[in-house]
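Please examine the sequence and the three-dimensional structure shown below.

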Amino acid sequence: QVIHRLASMENDFREDGSPSGTSGLSPAQARAALEGLDTDGATLAERAVTPWWYHLTLGTIVAVIICTQALPSPASLITLPVALFALPALVLVYRRRYGLWFSQPAGPRSKRIYQFMLVTILLCFGAMLLVRFTEIEYTWVLVPASVGFVAAVVLGPLYGRAFRRELAGTER
């Protein structure tokens with residue numbers, strides 16, 4: 001039985017001699033299938049519009065996470081977990097409301113914007129830690145909090161537009 005399985009796995013050809021990995025589509029059928037994929041991408045891009053409140057909420061969550069470091073210890077211990085819980089809750093609300101979620105950029109431009117936004121927010125978190133663990137006045141935490149908020153509110157929609165164009169195939 002094992003030998004029979006191995007023999008069938010090693011056989012890459014059908015009985016007519018054509019490779020088993022091909023679907024047997026004619027060139028015209030293959031082109032039609034690819035055009036259908038382009039249409040599906042354009043339709044999906046129309047549905048992938050992020051609502052106005054999403055990036056505003058994301059920016060607020062980022063700013064709150066950063067600002068928690070300026071709060072006294074008991075308030076910080078309560079506020080930080082709530083803000084961290086808000087991130088996956090935001091994704092869950094969006095996914096349930098709109099029925100889709102994309103975890104990866106669709107092309108090179110959206111990837112660059114995504115990476116820039118991610119690096120900016122990570123630098124804001126680094127600045128937050130600098131304020132937290134040095135003698136810098138805690139009010140300075142408002143600077144990285146503001147930058148993190150603006151990064152999410154400004155770069156988020158830019159990412160969304162680039163993502164939709166790349167998904168629709170109008171920009172590569």
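A residue is called buried when its relative accessible area is under 20%, exposed when it is over 50%, and partly exposed in between, with a 1.4 Å probe and only protein chains taken into account. Val153 has a relative accessible area of 27%, and therefore it is partly exposed. The model is predicted, so that local features need pLDDT of at least 70 and side-chain atom pairs count only at pLDDT 80 or more, while totals for chains, interfaces and linings use all residues. Residues are numbered from 1 along each chain as its sequence is written, and side-chain values use heavy atoms, leaving out hydrogens and water.

The protein as a whole may be considered next. Its secondary structure consists of six helices and zero strands, where helices (H or I, at least four residues) and strands (E, at least two) are DSSP runs numbered from the N terminus. Read from the N terminus on, the order of elements is α-α-α-α-α-α. Of its 172 residues, 24% count as buried. The accessible surface, computed by the Shrake-Rupley method with a 1.4 Å probe, is about 11,600 Å², and 66% of this belongs to carbon and sulfur atoms. A contact means heavy atoms within 4.5 Å. Among contacts between residues at least 6 apart in sequence, 72% join residues at least 24 apart.

Not counting residues up to four places away in sequence, Val153 touches His55 and Leu56.

Two packed helices are described by the angle between their axes and the distance between the axes. The axes are lines fitted to C-alpha atoms, for helices over the stretch in contact, and the angles run from 0 to 180 degrees between N-to-C directions. Helices α3 and α6 pack at an angle of about 160 degrees, with axes 8 Å apart. The two are therefore roughly antiparallel; this term applies to angles over 145 degrees, whereas those under 35 count as roughly parallel, 65 to 115 as roughly perpendicular and the rest as oblique. The residues that form this contact include His55, Leu56 and Gly59 of α3 and Ala152, Val153 and Gly156 of α6. They divide into 13 nonpolar, five polar and no charged residues. Here Ala, Val, Leu, Ile, Met, Phe, Trp, Tyr, Cys and Pro count as nonpolar, Asp, Glu, Lys and Arg as charged, and the others, Gly among them, as polar.

Helix α3 (residues 52-67) also packs with α5: their axes come within 9 Å and cross at roughly 20 degrees. Helix α3 is therefore roughly parallel to α5. In this contact, Val62, Ile65 and Ile66 of α3 meet Ile121, Cys124, Phe125 and Met128 of α5. By class, the contact has seven nonpolar, no polar and no charged residues.

Finally, how do α5 and α6 pack, and at what angle? The angle between α5 and helix α6 (residues 142-168) is about 170 degrees, and their axes are 8 Å apart. These two helices are therefore roughly antiparallel to each other. Their contact has 18 nonpolar, four polar and three charged residues. Thr120 lies in helix α5 (residues 108-133). With 15% relative accessibility, Thr120 counts as buried. Leaving aside residues up to four places away in sequence, Thr120 touches Val147 and Ala151.
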